[in-house]
Amino acid sequence: MQRLTPLLLVGVLLTWLTPVAAQTPDYIIQSNGAPMRALVQPPGYTPRLAPATAAAVPAAPAARADLPASGALAAKPAAARPKVRIGVILPAESSALGEAAAVVRSGVEAAAQVDQSAELYSVDATGDNVVERYRAAVADGVNVVIGPLSRDSIVKLAPSVTVPTLALNSVGREAAANPKLYSLSLIVEGEARQLARLMRDDSRAAPLLVVGGDALSQRLGKAFADEWRAAAGKPVRQMAFDANDMAPLLQAAGQADAVALALDVAQAARLKSALTPDVPVYGTSQLNVGGMQPELAGVRFIDMPWFLMPAHPAVQRYPRPAAPLTRQTERLYALGIDAYRLAVQLAGSRSGAAVRLDGVTGDLKLGRDRAFERQLPAGVMGGNALQ
């Protein structure tokens, strides 16, 4: 498996190529303090369902202490099997997406081990073979699917979706409309829109939006600006971050009633340190990378209950990753947990309209275009005190 550059936010794991070949990041993964091998199935081991006519499933390999083993579910006699059979279709062997797939799958399997309300059918699939692998899984008895992970695979699979399928990315207009295709993702636009609404709820009327030059910050800034215009009826004042000359930014911040950060962690820390303590500052989960962040103390931010609400019933119910993960990467593990829980509900729902989940990644409800929207709690950097 391809290793990642240590200690850096290393880049795009899921990308979508536009007609002009511009890359847009969706999920970003950071390097981890321990090898990711602890999240990968033993070589050659892929849990699969037995044919419907079989009386029993052969025993799975012995479970590893560092890996939730879905094979334990597959080893039950046919008569005792759960009715729900979930296909987990992820690019496990992809050089670019394999690590993300391993983390997501680990979250799915952790939830399955705790709830034991469904049987898992794990499939390695990329854009080249996703349709073939999907059809084979459905033919083998899968009645709900988690995946794919990349937009390319989603576009290729969309016309062939025949059972409730929860894609782990946004479903763009390029994908054929299909009433059985749903979406659950961690893309930044949703958080940016919620941040704008949070600031409006906090009675902020004239904020300053500071935007970085990288693609992720640009996307976050645009989504915030669009939502602010829709909610406030006027454009938000925004400025580009310039590390070489922050005087204009500081002057504009002094004239605003709050500052919204569409910046990476280093830029956010530098700007926050330069602001006077009385300026209210807001940000998204992109700033919450874990560890000590004294420069960002006092920033009001939004993030998933998995990190902000340790007393949340679901957060207490499911185990933390067996291998150490960065804060950014652990969000994919939490995504896997909620994906499993939603898949169980979708399997028993006619339309998905009533499906709702008080999840570890947020309060999830089905929005338009069959995309699950996440409502996140707010906290304060420097103590994670909820408000």
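Predicted model: local features only at pLDDT ≥ 70, side-chain atom pairs only at ≥ 80, totals over all residues.

1. Let's begin with helix α5 (residues 188-201) and helix α6 (residues 215-232), whose axes come within 8 Å and cross at roughly 40°.

2. Which residues of α5 and α6 make the contact? On the α5 side they are Val-188, Glu-189, Ala-192, Arg-193, Leu-195, Ala-196, Arg-197, Met-199 and Arg-200. From α6 come Leu-216, Arg-219, Leu-220, Ala-223, Phe-224, Glu-227, Trp-228, Ala-231 and Ala-232. Sorted by class, the contact of α5 with α6 has 12 nonpolar and six charged residues, with no polar ones.

3. Arg-219 turns up again in the annotation. The unreviewed UniProt entry carries a "binding site" feature that covers Ser-170, Leu-186 and Arg-219. These residues are spread over 50 residues of sequence, yet they cluster in space, with a largest C-alpha distance of 14.0 Å. Ser-170, Leu-186 and Arg-219 are also included in the lining of the largest pocket. As for where to look, Ser-170 sits in the loop between β8 (165-167) and β9 (181-183), while Arg-219 belongs to the α6 side of the contact with α5.

4. The second pair is helix α2 (residues 98-115) with helix α11 (residues 327-347). Their axes come within 7 Å and cross at roughly 45°, which means that α2 is oblique to α11. This crossing, too, is right-handed.

5. What does the contact of α2 with α11 have by class? It has 11 nonpolar, four polar and two charged residues. In α2, the residues involved are Ala-100, Val-103, Val-104, Ser-106, Gly-107, Val-108, Ala-110, Ala-111, Ala-112 and Asp-115. They meet Thr-329, Leu-332, Tyr-333, Gly-336, Ile-337, Tyr-340 and Arg-341 of α11.

6. Gln-116 lies in the loop between α2 and β6 (118-124). Its phi is near 50°, a positive value in a residue other than glycine.

7. Finally, is the peptide bond from Gly-147 to Pro-148 cis or trans? It is cis, with omega near 0°. You will find Pro-148 in the loop between β7 (144-146) and α4 (151-157).

How values were computed: Residues numbered from 1 in each chain as written. Heavy atoms only, no water. Axes fitted to C-alpha atoms, helices over the stretch in contact; angles between N-to-C directions. Helix = DSSP H or I, 4+ residues; strand = E, 2+ residues; numbered from the N terminus. Contact = heavy atoms within 4.5 Å. Nonpolar A, V, L, I, M, F, W, Y, C, P; charged D, E, K, R; others polar. UniProt positions renumbered as here; feature names shortened; annotations may be inferred. 1 Å grid on protein atoms, 1.4 Å probe; cavity = no way out; pocket = protein on both sides within 12 Å on 5 of 7 lines; lining within 4 Å. Parallel < 35°, antiparallel > 145°, perpendicular 65-115°, else oblique. Left-handed = near helix turned anticlockwise from the far one by under 90°.
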